Amino acid sequence: KETVQVSSGLSQFEEVPKLMLPVLAETLGRENSSYHIQQSGAKFQSITASQGIETDFEKDGVTFSRNNKKVTMRLEGSNELEPIKISKNKIEYQRGNITEWYVNSPLGVEQGFTLSDSPEERYLDGKVVLAVGLELDNDLNARQSEDGTIINFVSDSNGEEIIRYRGLFAYDSSGKELPSEMKLLDSKIEISVDD
């Protein structure tokens, strides 16, 4: 299981153990209807008012918007799919043996991937690798921090950080944390986990 947070800043939860963040996020958002996912025509949306993020969940990807700037993410190698399950502030897509899910809460929007078994076609150098394709507004650039733990999506015109992609961690079915890393490549984020 791998999770990352998409946020525009978050500080009061810095000391929460990583494995508790998904539980905390889902609980905080579930109890506050302003974080619930709503249907709007053919798509689903959520608003993260605490961070000014609007998220559109569509068949071909998820788009995060803030200050009229957009970042769209798609799990590479997967087909367009309708969400299979929506539960208050959580939405899930089933992509073969991968469940891709998002939780909206005051912490931001958490993106996660749960693998039900070993994804043979997604191994590289002995690691499980998932690629998240990116589509950015013309005015945006993606920049990875020197330590590799954060990817910032920044406006070229004024240097404003629009979205922050951070908080990667992975664990197995027993709860053991697994070494993981993410790399920003041309138009994608490569997430690798040593299982």
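**Reading the contacts, core and confidence**

Analyst: Begin with one residue and its neighbours. This is a predicted model. Leaving aside residues up to four places away in sequence, Ile189 touches Leu130, Ala131, Val132, Leu134, Ile151, Phe153, Tyr165, Met182, Lys183 and Leu184.

User: Which residues have the most contacts inside the largest nonpolar core?

Analyst: The general idea is that nonpolar side chains tend to be buried together in soluble globular proteins. Here the largest nonpolar core has 28 residues, and Phe153, Tyr165 and Ile189 have the most contacts inside it. Strand S15 (residues 161–171) gives the most to this core, with 4 residues.

User: How do I read a salt bridge, and how many does the structure hold?

Analyst: Look for a side-chain nitrogen of Lys or Arg within 4 Å of a carboxyl oxygen of Asp or Glu. The structure holds 8 salt bridges. One of them joins Asp56 to Lys43, with the closest N and O atoms 3.6 Å apart. Asp56 lies in strand S4 (residues 53–58) and Lys43 in strand S3 (residues 43–48), so this pair ties together parts that are 13 residues apart in sequence.

User: Is Asp56 buried or exposed?

Analyst: Asp56 is buried, at a relative accessible area of 8%. For another salt bridge, take Arg95 and Glu100, whose closest N and O atoms are 2.5 Å apart. Both Arg95 and Glu100 are buried. Glu161 and Arg164 also form a salt bridge, and there the closest N and O atoms are 3.1 Å apart.

User: In what sense do strands S9 and S10 pair?

Analyst: Check the direction of the strands, then the bridges between them. Strand S9 (residues 98–105) pairs with S10 in the antiparallel sense over 8 bridges. A hairpin of 2 residues joins S9 to S10. Across the pairing, Trp101 stands opposite Gly112 in S10. Strand S10 (residues 108–115) is mostly covered, since 6 of its 8 residues are buried.

User: Where in the chain is confidence lowest, and where is it highest?

Analyst: Where pLDDT is low, the predicted coordinates should not be read in detail. The chain has a mean pLDDT of 85, and 85% of its residues reach 70 or more. Confidence is lowest in strand S1 (residues 2–7), at a mean of 48, and highest in strand S13 (residues 140–144), at 95. Over residues 3–12 pLDDT stays under 50, and the model has 50 contacts beyond four places in sequence for that stretch.

Methods. Residues numbered from 1 in each chain as written. Predicted model: local features only at pLDDT ≥ 70, side-chain atom pairs only at ≥ 80, totals over all residues. Heavy atoms only, no water. Buried < 20%, exposed > 50% of the residue type's maximum accessible area, 1.4 Å probe, protein only. Core = buried A, V, L, I, M, F, W, Y, C linked by side-chain atoms within 4.5 Å. Contact = heavy atoms within 4.5 Å. Pairing = 2+ DSSP bridges. pLDDT = per-residue confidence, 0-100.
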